[in-house]
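These are my notebook entries on a structure I had not looked at before. I set down what I looked up, in the order in which I went through it.

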Amino acid sequence: MRTALDPTGEWMPAVLSAADKRLTEVRRHMPDAGALVISGDQNTARAYAKTLRELTGEAPTVVLSDEKAASKKIAKFSEGDSRWMVAVRMVSEGVDVPRLAVGVYATSA
């Protein structure tokens, strides 16, 4: 599983690219649609964010569980129109981001 989820491997960049293409399709009908990557750890989350930035030209919102402003970042993303959010242990049941339309669950947990 670690090999598949490796941000420097071949598979995850391909998955993120396909998910971003899907997000582009969804945004034709829902212009503020957003996407979420759930990552297993902070270093991998940052690497996924870097890949997404390279793919899209836009820096994703990165939400890490030990950040004081994590909840504010989620709220800002929820109210905005940016494309991607990458999170570690922050977006789960009870967190409402109505505009999320594409998800990538990139953790073995």
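Which residues touch the most other members of the largest nonpolar core? Before answering I note that this is a predicted model. I looked through the 21 residues of that core and found that Val37, Tyr48, Trp84 and Val104 touch the most other members. I then asked which elements supply this core, and those giving two or more residues are helix 2 (11–27), strand 1 (34–39), helix 3 (42–56), strand 2 (61–64), strand 3 (84–88) and strand 4 (100–106). Helix 2 gives the most, with five residues. I also found a second, separate core of nine residues, which includes Leu36, Ile74, Phe77 and Ala87. As background, I keep in mind that in soluble globular proteins nonpolar side chains tend to be buried together.

Entry on Tyr48. I looked up what this residue meets once its neighbours within four places in sequence are left aside, and Tyr48 turned out to be in contact with Leu5, Pro7, Met12, Leu16, Val37, Ser39, Val86 and Ala106.

In what order do the four strands of the open sheet lie? I read the order as 2-3-1-4, with parallel pairing. Strand 2 and strand 4 are at the edges and have a single partner strand each, so one side of each is left without a neighbour in the sheet. From one strand to the next, the twist averages 20°.

Entry on the pairings. Gly34 stands opposite Leu100 in strand 4, and Val37 stands opposite Val104 in strand 4.

Entry on the helices against the sheet. Helix 2 packs on the sheet and touches strand 1, strand 3 and strand 4, while its direction makes about 170° with that of strand 4. Helix 3 packs on the sheet as well, touching strand 1, strand 2, strand 3 and strand 4, and its direction makes about 170° with that of strand 3.

Entry on burial in the strands. I checked strand 1 and found it mostly covered, with six of its six residues buried. Both of its faces are covered, with Gly34, Leu36 and Ile38 buried on one side and Ala35, Val37 and Ser39 buried on the other. Why is strand 3 largely enclosed by the rest of the structure? Five of the five residues of strand 3 are buried, so the rest of the structure largely encloses this strand. Trp84, Val86 and Val88 are buried on one side of strand 3, and Met85 and Ala87 are buried on the other. The background for reading two faces in this way is that side chains in a regular strand alternate between the two faces of the sheet.

Entry on the largest pocket. I looked up its volume, which is about 170 Å³. Among the 13 residues that line this pocket, Arg2, Leu5, Asp41, Thr44 and Ala106 are the closest to its centre. The elements that give two or more residues to the lining are helix 1 (2–5) and helix 3.

Entry on two residues of helix 3. Is Thr44 buried or exposed? Thr44, which has its place in helix 3, has a relative accessibility of 16%, and because burial means under 20%, this residue counts as buried. Apart from its neighbours within four places in sequence, Thr44 is in contact with Leu5, Pro7 and Ser39. Lys50 is found in helix 3 too, but this residue is partly exposed, with a relative accessible area of 45%. I also looked up Lys50 against Leu5, and the two are 45 residues apart in sequence and 15 Å apart in space, C-alpha to C-alpha.

Key. Residues numbered from 1 in each chain as written. Predicted model: local features only at pLDDT ≥ 70, side-chain atom pairs only at ≥ 80, totals over all residues. Heavy atoms only, no water. Core = buried A, V, L, I, M, F, W, Y, C linked by side-chain atoms within 4.5 Å. Buried < 20%, exposed > 50% of the residue type's maximum accessible area, 1.4 Å probe, protein only. Contact = heavy atoms within 4.5 Å. Pairing = 2+ DSSP bridges. Axes fitted to C-alpha atoms, helices over the stretch in contact; angles between N-to-C directions. 1 Å grid on protein atoms, 1.4 Å probe; cavity = no way out; pocket = protein on both sides within 12 Å on 5 of 7 lines; lining within 4 Å. Points joined across faces, edges and corners; volume = space filled by probe spheres on them.
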